[in-house]
Amino acid sequence: MANFNKVILAGNLTRDPQISMMPNNKPVCEFGMAINRKWRTDNNETREEVCFVDLIAYGRSAEIIGQYMSKGKPLLVEGRLKYDQWESKEGGKRSRLRVVVDNFQFLGSGGGQGGGEGGNRSYNSRPAQRAAAPASASMEDYGDAPSMDDGGAPDGDNIPF
């Protein structure tokens, strides 16, 4: 059976990102996001709920998020779920589920600094595998998908979507 672990979130940071360094001098950024959901009930009442999510980014992504983001700023994140377990100092078992950031995009006005795209910029934390590969994820990223390493583009009948 194939497995798939992908998360896409858009929300606002709940706290300033915290940058630290791993023992191998690789930067790590931990931060939280709030994702709001609004809907109307059958009685036409407006309801809202908030989901709070912990996130972690590594490498260059960690540096960029730590440098440009702060509490309250909007962010679009693509990543995967990771379940961590550990034992507390008191001996109790602890766990948490958080999102490991693979890609992200700044949202919002960009502080009025121009740029023509409303301040939206995308970042991919995975290095490019081939110089001619597009910036977006390919079907090869999903395990059992057919490989297109023959150097040529697939014909219209072989496009996997």
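The model is predicted: local features require pLDDT of at least 70, side-chain atom pairs count only at pLDDT 80 or more, and totals for chains, interfaces and linings use all residues. Residues are numbered from 1 along each chain as its sequence is written, and side-chain values use heavy atoms, with hydrogens and water left out. The protein chain has 1 helix and 7 strands, and the structure holds 8 salt bridges and 0 disulfides.

**Fold and overall composition**

- Read from the N terminus, the elements of the protein chain follow the order β-β-β-β-α-β-β-β; helices (H or I, at least four residues) and strands (E, at least two) are DSSP runs, numbered from the N terminus.
- Of the 161 residues in the protein chain, 23% are buried, where buried means under 20% relative accessible area, exposed means over 50%, and partly exposed lies in between (1.4 Å probe, protein chains only).
- Among contacts in the protein chain with a separation of 6 or more, 47% join residues 24 or more positions apart; a contact means heavy atoms within 4.5 Å.
- The protein chain exposes about 11600 Å², of which carbon and sulfur atoms supply 48%; accessible areas come from the Shrake-Rupley method with a 1.4 Å probe, and for residues only the protein chains shown count as cover.

**Nonpolar core**

- The largest nonpolar core has 20 residues, and Phe31, Met33, Leu55, Leu75, Val77 and Phe104 touch the most other members.
- At least two residues of this core come from each of S1, strand S3 (27–40), strand S4 (46–58), H1, S5 and S6.
- A nonpolar core is here a set of buried Ala, Val, Leu, Ile, Met, Phe, Trp, Tyr and Cys residues joined through side-chain atoms within 4.5 Å.

**Salt bridges**

- Side chains of opposite charge can pair when their charged atoms come close; a salt bridge is counted when a side-chain nitrogen of Lys or Arg is within 4 Å of a carboxyl oxygen of Asp or Glu.
- Glu78 and Lys6 form a salt bridge through their side chains, with an N to O distance of 2.5 Å.
- This pair links distant parts of the chain, 72 residues apart: Glu78 belongs to strand S5 (residues 74–87), and Lys6 to the segment before strand S1 (7–13).
- Lys6 is partly exposed, at 27% relative accessible area.
- Asp84 and Arg98 also meet in a salt bridge, at 3.1 Å from N to O.
- Asp84 lies in strand S5 and Arg98 in strand S6 (residues 93–106), so this pair ties together parts that are 14 residues apart in sequence.
- Both partners are buried: Asp84 has a relative accessibility of 11%, and Arg98 has a relative accessible area of 10%.
- A network of salt bridges links Asp84 and Arg98 with Glu30 and Lys82.
- In a further salt bridge, the closest N and O atoms of Arg60 and Glu63 are 3.0 Å apart.
- Arg60 and Glu63 are both in helix H1 (residues 59–68), separated by 3 residues, or about one turn of the helix.
- Arg60 is exposed at 55% relative accessible area, whereas Glu63 is partly exposed at 36%.

**Cysteines**

- Cys29 is buried, with a relative accessibility of 0%, while Cys51 is partly exposed at 44%.

**Surface and N-terminal segment**

- Leu81, Tyr83 and Leu97 make a nonpolar surface patch of about 310 Å².
- Patches consist of residues with over 30% relative accessible area and no salt bridge, like charges being joined within 9 Å and nonpolar side chains (Val, Leu, Ile, Met, Phe, Trp, Tyr) within 5 Å.
- Phe4, in the segment before S1, is exposed at 61% relative accessibility.
- The C-alpha atoms of Phe4 and Arg80 are 9.1 Å apart in space, although the two residues are 76 residues apart in sequence.

**Loop residues with positive phi**

- Asn25, a residue other than glycine, has a positive phi near 65°.
- Asn25 is situated in the loop between strand S2 (18–21) and S3 and is exposed, at 58% relative accessible area.
- Asn44 likewise has a positive phi near 65°; Asn44 is in the loop between S3 and S4 and is exposed, at 53% relative accessible area.

Definitions and conventions. A disulfide is a pair of cysteine sulfur atoms within 2.5 Å.
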